[in-house]
Amino acid sequence: MSAELIEGARVIFGDRVETASVRIEGGRITGIDVARDGAAVIPAQGRFLAPAFVDVHGDAFERQIMPRPGVMVDVETALLETDRQLAANGIATAYHALTLSWEPGLRSVDTGWQVVFALEALRGRLTADNRLQLRWETFCAEAEPLIAHVLSGPDRPALAFNDHTTSALLHPEIAVHDRPFDHVEDYPVTDITTEAFLHKMGERAKRSQMTTGDFVGLIARVWARRAEVPADIARLAALAKRHGAPMLSHDDSQVETRDWYRALGAKVAEFPMHERVFHAARAAGDPIVLGAPNAMRGGSHLGSPGAADMIARGLCDILASDYYYPAMLGAVARLHADRVAPLPALWKLVSSNPATAMGLADRGRIATGLRADLVLLDWPDGHAPAPLRTWVAGRAGYSALPTAVAPYLEPAL
């Protein structure tokens with residue numbers, strides 16, 4: 001891999017933004033402000049150069065597999081398209097949030113196996129570092145062989161504990177962000193025969209390609225497994241811990257929930273649903289993940305705490321793409337425009353902080369010796385930024401650079 005010198009960009013370091021040149025060779029950053037020394041020069045005056053994004057939770061790939069309800073696409077084709085979208089949006093490392101559910105269809109274990117085998121077959125053809133967040137629905141015991149298979153593979157995944165079964169069956173008088181600890185004995189359950197519950201399950205039934213009545217019958221049978229779930233969780237948490245896989249708990253609403261999962265080794269709080277959980281996670285030193293679309297749009301579409309407010313208060317460490325890959329860059333741009341924090345601090349939310357949380361010490365920052373995972377941005381003052389080029393371990397994963405790059409006035413900081 002020949003050397004390249006990205007010359008004269010506004011470089012986003014961990015503690016500052018300054019004009020510098022960055023040399024890369026052999027997949028690594030080999031120097032800052034060094035001589036050209038035979039390297040191919042990429043003129044970057046007036047552009048920003050930043051660490052490429054590390055995305056710990058993204059499920060937008062599902063829309064490539066099922067672009068319309070009930071319409072499934074060949075999984076290899078879908079993942080190749082997803083990979084190109086990642087690179088074009090400056091994402092060099094992506095943890096695909098692969099839901100492993102008892103639901104048939106898109107989020108089933110069968111579809112999960114298709115994704116796992118496709119990623120294994122495509123490994124040499126993919127641009128970005130495509131990894132898996134095993135987004136395990138804890139009532140789905142049949143996912144254990146898949147989880148064990150992926151944990152034993154070369155691309156260390158993350159394991160996220162999700163319980164949308166218990167929240168789906170919550171009594172309607174209790175807000176989902178106030179629901180009790182999932183495993184309490186007297187959990188307040190709704191009446192599954194009501195019209196309101198049937199209506200609530202309609203979309204999930206459609207996604208599963210079932211009638212609403214059949215879906216409600218299925219969730220009732222799944223709920224009957226409830227007594228077995230804590231032991232299943234403990235067993236798979238122990239397995240993930242043996243493999244050194246990072247673990248997350250999802251949508252925690254109570255401090256008790258966060259404490260319980262932390263004790264099992266799940267040290268990352270993903271999308272907490274109540275302020276008390278944010279404070280408990282912060283007090284324990286748990287990294288806190290929120291959705292980048294939340295920050296980009298100015299609030300959550302589910303009514304969860306606003307990401308911008310949590311960032312300003314020091315209660316959010318990581319922004320994930322969630323359901324929209326461009327949101328990682330869009331969130332940083334919105335937060336920067338709103339002066340929520342300085343640009344270097346905002347960039348940590350999408351680069352070094354998620355890398356650290358996932359145990360990836362070789363990326364997420366611009367420093368000599370680290371992986372050359374970089375994104376060059378066109379970001380005129382007062383306008384939306386756009387990736388011009390993405391490098392993944394020094395490889396040109398995406399480029400929209402014009403033949404001649406004419407410098408223009410540097411954007412204001």
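## A salt bridge at Asp15

Asp15 is exposed, with a relative accessible area of 60%. Keep in mind as you look around that this is a predicted model. What does the side chain of Asp15 meet in a salt bridge? The partner is Arg16, and the N to O distance for the pair is 2.8 Å. Arg16 itself counts as partly exposed, because its relative accessibility is 35%, which falls between the 20% and 50% cut-offs.

Searching the whole structure turns up 30 salt bridges. Let's look at a couple more of them.

Now find Arg363 and Asp129, which form a salt bridge with their closest N and O atoms 2.7 Å apart. Arg363 sits in the loop between α16 (352-357) and β14 (374-378), while Asp129 belongs to strand β8 (residues 129-137), so this pair ties together parts that are 234 residues apart in sequence.

Are these two partners buried or exposed? Arg363 has a relative accessibility of 5%, so it counts as buried. Asp129 comes in at 14%, and it counts as buried as well.

Arg262 is buried, at 18% relative accessible area, whereas Asp259 is partly exposed, at 36%. Which residues belong to the network that Arg262 and Asp259 are part of? Salt bridges that share partners join Asp252, Arg258, Asp259, Arg262 and Asp286 into one network.

## Leu346 and its contacts

Next up is Leu346, a residue of helix α15 (residues 343-348). With a relative accessibility of 0%, Leu346 counts as buried. What does Leu346 touch, if you skip residues up to four places away in sequence? The list is Ile311, Val332, Leu335, His336 and Ala341.

Ser399 makes a handy landmark here. Leu346 and Ser399 are 53 residues apart in sequence, and their C-alpha atoms are 24 Å apart in space.

## The nonpolar cores

Time to look inside. The largest nonpolar core has 94 residues, and those with the most contacts inside it are Trp136, Ile147, Phe161, Leu319 and Trp347. Which helix gives the largest share of this core? That's helix α14 (residues 327-337), which supplies 7 residues.

Once you set aside its neighbours within four places in sequence, Trp347 is in contact with Ile12, Ala50, Pro51, Phe53, Leu329, Val332, Val375 and Leu377. There is also a second, separate core of 16 residues, and its members include Phe13, Ala44, Ile366 and Leu376.

How many disulfides does the model have? The count comes to 0. If you'd like to check some cysteines yourself, start with Cys140, which is buried at a relative accessible area of 0%. Then try Cys316, which also counts as buried, with a relative accessibility of 7%.

Key: Residues are numbered from 1 along each chain as its sequence is written. This is a predicted model: local features need pLDDT of at least 70, side-chain atom pairs count only at pLDDT 80 or more; totals for chains, interfaces and linings use all residues. Side-chain values use heavy atoms; hydrogens and water are left out. A salt bridge is a side-chain nitrogen of Lys or Arg within 4 Å of a carboxyl oxygen of Asp or Glu. Buried means under 20% relative accessible area, exposed over 50%, partly exposed in between (1.4 Å probe, protein chains only). Helices (H or I, at least four residues) and strands (E, at least two) are DSSP runs, numbered from the N terminus. Contact means heavy atoms within 4.5 Å. A disulfide is a pair of cysteine sulfur atoms within 2.5 Å. A nonpolar core is a set of buried Ala, Val, Leu, Ile, Met, Phe, Trp, Tyr and Cys residues joined through side-chain atoms within 4.5 Å.
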